[in-house]
Amino acid sequence: MSELRFGIIGCGVIGRLQARVLTSYPPLAGRARLVAIAASSRDSAGARQAAAETGCEATDVASLLARDDIDAVSVCTPSGLHAELGRAALAAGKHVMVEKPIDVSVRAADQLIEAARRADRVLAVMSQRRFDLASRVVREALEAGELGTPTSASVEVPLWHGRSYYASDGWRGTLALDGGGALINQGVHSLDLVQWLLGPVVEVKAHTALLGHTGIGVEDVVTASLRHASGALTSLLTTTAAFPGRTTRLAVHGDRGSAVIDNDELVYFHAADAETDTLAEGAFGAGNQADLRRPAAVAQERDSCGLLRGPHGEQLLDFCDAVADGRPPAVDGPAGREALRTALAVYEAARTGATVRVARAAGENLRLMRTVPSPAPSPAGRWHGELFAAPGRR
């Protein structure tokens, strides 16, 4: 297979992480090569620093897109620029990967997906937690029916981002470019992962609040109850106001087993065997089979930003394979749209105080709403387009 030549737009934490992964993750050797990196703003210092670190060239966006020695572009910019820059890269004939979320509105996501279809180019959305070894183990167990009927899940993303985080870039904490706060920025990976494991979310109840920060226009706490199409229920907490911050945790439960992933590691797993009497009293956390389920030891290197490099590398490798094989990537544009649509449903449920049903009609759209509610309960509000329908309404 030929080597895929990459350009990166965006020199923040994730852009620099991807640059390091492209240049140092062993399975990508001979499959991907980083050619150039560009800042999405006029400040080119970040691009020069990242280029010096990874041995590529620093350039500007227009020059990067015009180069004929770049086959694919990874967009690692503020969320509200993902679709705009992705469409520009597609128009220049490049394959495109965008960071999560795919953008901040369904309309923008649809425009990007349509542009990729028209250009006949691969479009992927970075959702690297699907490529974690622990996530794969749980997915395979669910598909094999080892956990029985999936009944529930809990998602906990208890982070702390102090004032310096929101002050580090002018777009952070803004609706226009961040798209929201703790959910759409920090929690969307877990939202994508729980839907990958338990299936699409069809109904949402939620609350949002701004409690631990001042001077930002988005929420820093979200709680939600999600109902999946299968009937399984998920409780969700995501926040950037949990000092000093803890690890992200996902628990999945079925009527014959449970699994817990903490900080991307499988910390608990139990599946009943044929002789197990599930009518008996529960084990209350005993009988942990995680050691038996973990894959053979693999070097799990964490980047300087704290994230595992392997899952990012594996998704980039899948992207390279998709281009070479002429197939959709594992996480394509519609999959990224699904995570975005669910996040927006959570925001709408919090804004209105109503139960929101996530419709699945074509051509659906939702304009971005302010997501920080007043202290008083929000009354039921008006409904937007075909994306949401009040219970009992069609």
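This is a predicted model: local features need pLDDT of at least 70, side-chain atom pairs count only at pLDDT 80 or more; totals for chains, interfaces and linings use all residues.
Colleague: How much space lies in the largest pocket?

Modeller: About 1,400 Å³. On a 1 Å grid over the protein atoms alone, a pocket is an open set of points with protein on both sides within 12 Å along at least five of seven lines, whereas a cavity is a set where a 1.4 Å probe fits but cannot get out; lining residues have an atom within 4 Å of a point. A volume is the space filled by probe spheres set on the points, which are joined across faces, edges and corners.

Colleague: Which residues are closest to its centre?

Modeller: Of the 48 lining residues of the largest pocket, V13, I14, Y165, R172 and L307 are the closest to its centre. Two or more lining residues come from each of α1 (13-24), α2 (45-54), α9 (182-198) and α11 (309-325). Helices (H or I, at least four residues) and strands (E, at least two) are DSSP runs numbered from the N terminus.

Colleague: And how many cavities of 30 Å³ or more are there?

Modeller: One. The largest cavity holds about 60 Å³ of space, and its lining includes K100, P101, V188 and D192.

Colleague: Which helix gives the largest share of that lining?

Modeller: Helix α12 (333-352), with three residues.

Colleague: Turning to the sheet, what is the strand order?

Modeller: The order is β3-β2-β1-β4-β5-β6 in an open sheet of six strands, with parallel pairing; two strands pair if DSSP finds at least two bridges between them. The edge strands, β3 (57-59) and β6 (123-125), each pair on one side only.

Colleague: Over how many bridges do β4 and β5 pair?

Modeller: Four: β4 (residues 72-75) and β5 (residues 95-98) run in the parallel sense, and V73 stands opposite V96 in β5.

Colleague: Which strands does α1 touch?

Modeller: Helix α1 packs on the sheet and touches β1 (4-9), β2 (32-38) and β4, contact meaning heavy atoms within 4.5 Å. The direction of α1 makes about 150 degrees with that of β2; axes are lines fitted to C-alpha atoms, for helices over the stretch in contact, and angles run from 0 to 180 degrees between N-to-C directions.

How values were computed: Residues are numbered from 1 along each chain as its sequence is written. Side-chain values use heavy atoms; hydrogens and water are left out.
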